[in-house]
Amino acid sequence: MDLLQPTHEAFSLLFSGNPEIWRIIFISLRVSLIAMLVVTPLAVAAGFFLATVAFPGRRALVILIQGLLSSPTVVVGLLLYLLLSRQGPFGSWHLLFTQEAMIIGQIIIAFPVVVAFTLSAVQGADPRAHETAVSLGAGTARAALTTLLEVRFGVMAAVFNAFGRVFSEIGCSLMVGGNILGLTRNIPTAIALETSKGEFAQGIALGIVLMAVALGVNYALAFLQGEGGLK
Amino acid sequence: MKRRLLKALIVFFVLCVTGWGANQATAAKDIRMSTTTSTENSGLLGYLLPVYEAKCSCKVRVISVGTGKALELGKNGDVDVVLVHARPSEDKFVAEGHGVNRSDVMYNDFILVGSQTDPLRLRGTKDVIAAFKILGEGKAKFISRGDNSGTDQMEKNYWKQAGVEPKGAWFISAGLGMGEVLTMAGELQAYTLSDRATYGAYRSKTGLDILVQGDPKMFNPYGVIAVNPKKYPDANYEGAMDFINWITSDEGQKRIAEFKVDGEQLFFPSAKKDN
């Protein structure tokens, strides 16, 4: 298999402004960004709660969340498919094969990632930040915010990590999205389809975009961390 | 600089979320169709649907899977119309009340393809069952779709008639679509059963040759079925029927006949004129 030829075609596809390819890219970004927007506040709060509040069953819950980190996305997809199918319990919502279904799937996939990483970031925080805030008269919420700001780089890493996972996952998107052109075809499902059709140029073009976005996200993270990332 | 980057990120974020990604909420008129991989992989739907979509000013949302899965989606009411090729399963689907108004649409045929070297010397034979008996001796690799698609069901049927239980290192159950299996057969220099349409679209990419063809047992008819509106009142029955009427109309049938890959016609219209 000649690798250069399809790669060359890939670049010309991308830069000739092929609308179909760019649509796929925007669908991918849209779905993953909305999912992260929804999941981040919930999961960060949950992670903080788990790290700071003792309650019965906490240990089991932490283990469960960490176990879910390795949950295969196809299993999430399958469960969600069964729930959203018209014969399933939420069938009347008509969500199967929509972007909303993909967003829900990605939320489920991202949630344990953000929770687990936030948890370990908060646990590793200097307890004096919290104590100082409280001694200066901060309420529970204000003190929590102080701690989270203290460990913001850890929390950001959690969010970016989760974004990386949902942005590149295929199993769930394929199952609940259905890979419909112009509606639910995102970068990973399109790569799988184009490869199955033997259209390697399109696959490579989309692979380049996937890598570029992943690199861009990490670059942005490093840039925003700036000197603060140094210890 | 940092601020500007942050601002740019936020703007981009908002644009994406508010629909720069051109989210088209599925309009009520949209038709959801599950179909086999052959109609999509061969390029037929890409050729047919834009014409229909311009006419009905709606969108046909295509979910391209194996016939087994395509019917399953219809059974669950997750689509409005199915376009598949496995007559016994289709009849069962209608008999069980999942679908109504089954119509013939078109046909092509199955072919047995393999590498140009053809180690089993099947080239030019006409009896598919005899060929499967030879394949069953296990002297060369055979790739099976293994996904309960129409092609897979036909292949199982051939094994049964040949009295062979396909098992062993020579029998590769891929669990993939037709195009992927053809690509795999090209890479592994293996034999496989294909529909003529998908093979036509992949011939130059895989370098496989047609070895066995022309057996009446290899006839491959496609049917279109609307999902039963009594079972799923919120299915787009009207849209499904409109699509069925169009694809079986003179215009739709003519388009099917006109569709060619490398100058070769891949599907042959077969809708009955009287309906």
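**View 1. How much of chain B is buried.** Of the 275 residues in chain B of this predicted model, 46% come out as buried (20 or more other C-beta atoms within 10 Å of the residue's own; exposed is 12 or fewer, partly exposed is in between, and C-beta atoms are placed from the backbone). The chain holds eleven helices and twelve strands (DSSP runs, H or I of at least four residues for helices and E of at least two for strands, numbered from the N terminus). Its C-alpha trace spans about 65 × 60 × 35 Å along the principal axes. Take the contacts in chain B between residues at least 6 apart in sequence: 76% of them link residues at least 24 apart (contact here is C-beta atoms, placed from the backbone, within 7 Å). Residues are numbered from 1 along each chain as its sequence is written, with chains lettered from A and ligands numbered from 1 in the order in which they are written. As this is a predicted model, local features need pLDDT of at least 70 and side-chain atom pairs count only at pLDDT 80 or more, while totals for chains, interfaces and linings use all residues.

**View 2. The two domains of chain B.** Domain 1 covers 29-107 + 221-269 and domain 2 covers 109-218, with bounds from an automatic or database domain assignment. Their centres, taken over C-alpha atoms, sit 26 Å apart. Across the boundary, 19 residues of domain 1 are in contact with 15 of domain 2. On the domain 1 side, helix H2 (37-41) and helix H4 (67-75) of chain B each give two or more residues, and H2(B) gives the most, with three. By class, that side has six nonpolar, eleven polar and two charged residues (Ala, Val, Leu, Ile, Met, Phe, Trp, Tyr, Cys and Pro count as nonpolar, Asp, Glu, Lys and Arg as charged, and the others, Gly among them, as polar).

**View 3. Where chain A meets chain B.** Here 25 residues of chain A are in contact with 27 of chain B. Helix H2 (19-52) and helix H11 (200-225) of chain A each bring at least two residues to the chain A side. H2(A) has the largest share, eight residues.

**View 4. The largest nonpolar core.** This core has 135 residues, and A:Ala110, A:Val114, B:Val81 and B:Leu112 touch the most other members (a core is a set of buried Ala, Val, Leu, Ile, Met, Phe, Trp, Tyr and Cys residues joined through C-beta atoms within 7 Å). Helix H5 (residues 99-123) of chain A supplies the largest share, 17 residues. Domains 1 and 2 of chain B both contribute, so the core lies between them. Leaving out residues up to four places away in sequence, A:Val114 touches several residues, including A:Val39, A:Ala43, A:Gly47, A:Ala158 and A:Ala162.

View 5. The buried residues of H11(B), residues 250-258, are B:Gly252, B:Gln253, B:Arg255 and B:Ile256. They cover an arc of only 155° around the axis, so they share the same side of the helix (the arc is that of the directions from the helix axis to the C-beta atoms). Among the elements covering them are helix H3 (44-56) and strand S4 (99-114) of chain B. The opposite face carries the exposed B:Asp250, B:Lys254 and B:Glu258.

**View 6. A:Leu64.** This leucine sits in helix H3 (residues 58-68) of chain A. A:Leu64 counts as exposed because it has 11 C-beta neighbours inside 10 Å.

How values were computed: Contact = placed C-beta atoms within 7 Å.
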